[in-house]
Amino acid sequence: MLNDNSSKNIAEGIIEQISDADNFNWRFHDERYSAKNKQEINFRYKCSQRSDCAKKLWKCFNPEKQCDTLPMKRFDCHGEINIVIDLEMKITSVNVIHKILHELPKEIGVPNCVKDFISENIDLLPKEIYARLVENGLDPEIC
Ligand SMILES: [Zn+2]
């Protein structure tokens with residue numbers, strides 16, 4: 001019998017296969033049980049370059065230090081993958097929407113101001129570093 005964890009693993013495995021094939025970054029968005037059938041779990045992933053996923057830009061912690069990372073190029077691609085896993089029937093359906101096959105994401109670098117912040121605060125616990133980065137403008141969803 002499959003459990004919630006293994007259905008998430010199945011979804012992650014499918015996303016990995018799709019990403020290997022199309023080279024886009026598909027980011028986990030949410031998961032929910034179907035209202036009609038409690039054995040069905042729906043996992044949603046979104047294209048990392050969707051224009052409606054763009055959030056605040058980075059603020060530098062130290063204005064004297066320049067962030068040299070450009071924001072990721074965004075597209076109105078509506079990129080979304082829905083994976084529905086029926087635990088009882090052991091059936092998975094995958095629906096891919098990607099209206100624009102836009103250019104692939106460039107390698108995403110970590111802004112220097114963030115690297116500096118981490119090295120200056122290396123004695124903090126990772127969750128404290130994360131909390132402070134979020135306080136200072138990091139998108140916690142990193143959509
Ligand atoms: Zn896209």
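What follows is a friendly conversation about a predicted model of one protein chain.

Colleague: Before we start, how are residues numbered, and which pLDDT do local features need?

Modeller: Residues are numbered from 1 along each chain as its sequence is written. This is a predicted model, where totals for chains, interfaces and linings use all residues, side-chain atom pairs count only at pLDDT 80 or more, and local features need pLDDT of at least 70.

Colleague: In what order do the elements run from the N terminus on?

Modeller: Helices (H or I, at least four residues) and strands (E, at least two) are DSSP runs, numbered from the N terminus. The protein chain has three helices and four strands. From the N terminus on, their order is α-β-β-β-β-α-α.

Colleague: What percentage of the residues of the protein chain count as buried?

Modeller: A residue is buried if 20 or more other C-beta atoms lie within 10 Å of its own, exposed if 12 or fewer, and partly exposed in between, with C-beta atoms placed from the backbone. Of the 143 residues in the protein chain, the buried share is 14%.

Colleague: Which residues is alanine 11 in contact with, leaving aside its neighbours within four places in sequence?

Modeller: Two residues are in contact if their C-beta atoms, placed from the backbone, lie within 7 Å. Alanine 11 belongs to the largest nonpolar core. With neighbours within four places in sequence set aside, its contacts are Phe43, Ile83 and Ile85.

Colleague: Which residues make up the covered face of E3, and which the uncovered one?

Modeller: In a regular strand the side chains alternate between the two faces of the sheet. In E3, the uncovered face holds Glu80, Asn82, Val84 and Asp86, while the covered face holds Ile81, Ile83 and Ile85.

Colleague: What is the bridge partner of valine 84 in E4?

Modeller: Two strands pair if DSSP finds at least two bridges between them. E2 and E3 pair in the antiparallel sense over seven bridges, and asparagine 42 stands opposite valine 84 there. E3 and E4 also pair in the antiparallel sense, over seven bridges. In E4, the partner of valine 84 is serine 93.

Colleague: How many residues of strand E4 are buried?

Modeller: Strand E4 covers residues 91–97 and lies largely in the open. This is because, of its seven residues, the number buried is zero.

Colleague: What is the phi of lysine 90, and where does this residue sit?

Modeller: Lysine 90 is in the loop between E3 and E4, a hairpin with four residues between the strands. The residue counts as exposed, with 11 other C-beta atoms within 10 Å. Its phi is positive although the residue is not glycine, at near 55°.

Colleague: Is asparagine 23 buried or exposed?

Modeller: Asparagine 23 sits in the loop between helix H1 (4–22) and strand E1 (26–33). Its phi is positive, about 65°, although the residue is not a glycine. With 9 C-beta neighbours inside 10 Å, asparagine 23 is exposed.

Colleague: Why do the buried residues of H2 line one face of the helix, and within what arc do they fall?

Modeller: Helix H2 (residues 112–120) has Cys113, Val114 and Phe117 buried. Seen down the helix axis, the directions to the C-beta atoms of these residues set the arc, and they line one face because that arc is within 100°.

Colleague: Which exposed residues does the other face of H2 carry, the one turned away from its buried side?

Modeller: The buried residues of H2 are covered by parts that include helix H3 (126–135). On the face turned away from the buried side, the exposed residues are Lys115 and Ser119.

Colleague: How many C-beta atoms lie within 10 Å of tyrosine 130?

Modeller: Tyrosine 130 lies in helix H3, where the number of buried residues is zero out of 10, so the helix lies largely in the open. Tyrosine 130 is partly exposed, and its count of other C-beta atoms within 10 Å is 14.

Terms used: Core = buried A, V, L, I, M, F, W, Y, C linked by C-beta atoms within 7 Å.
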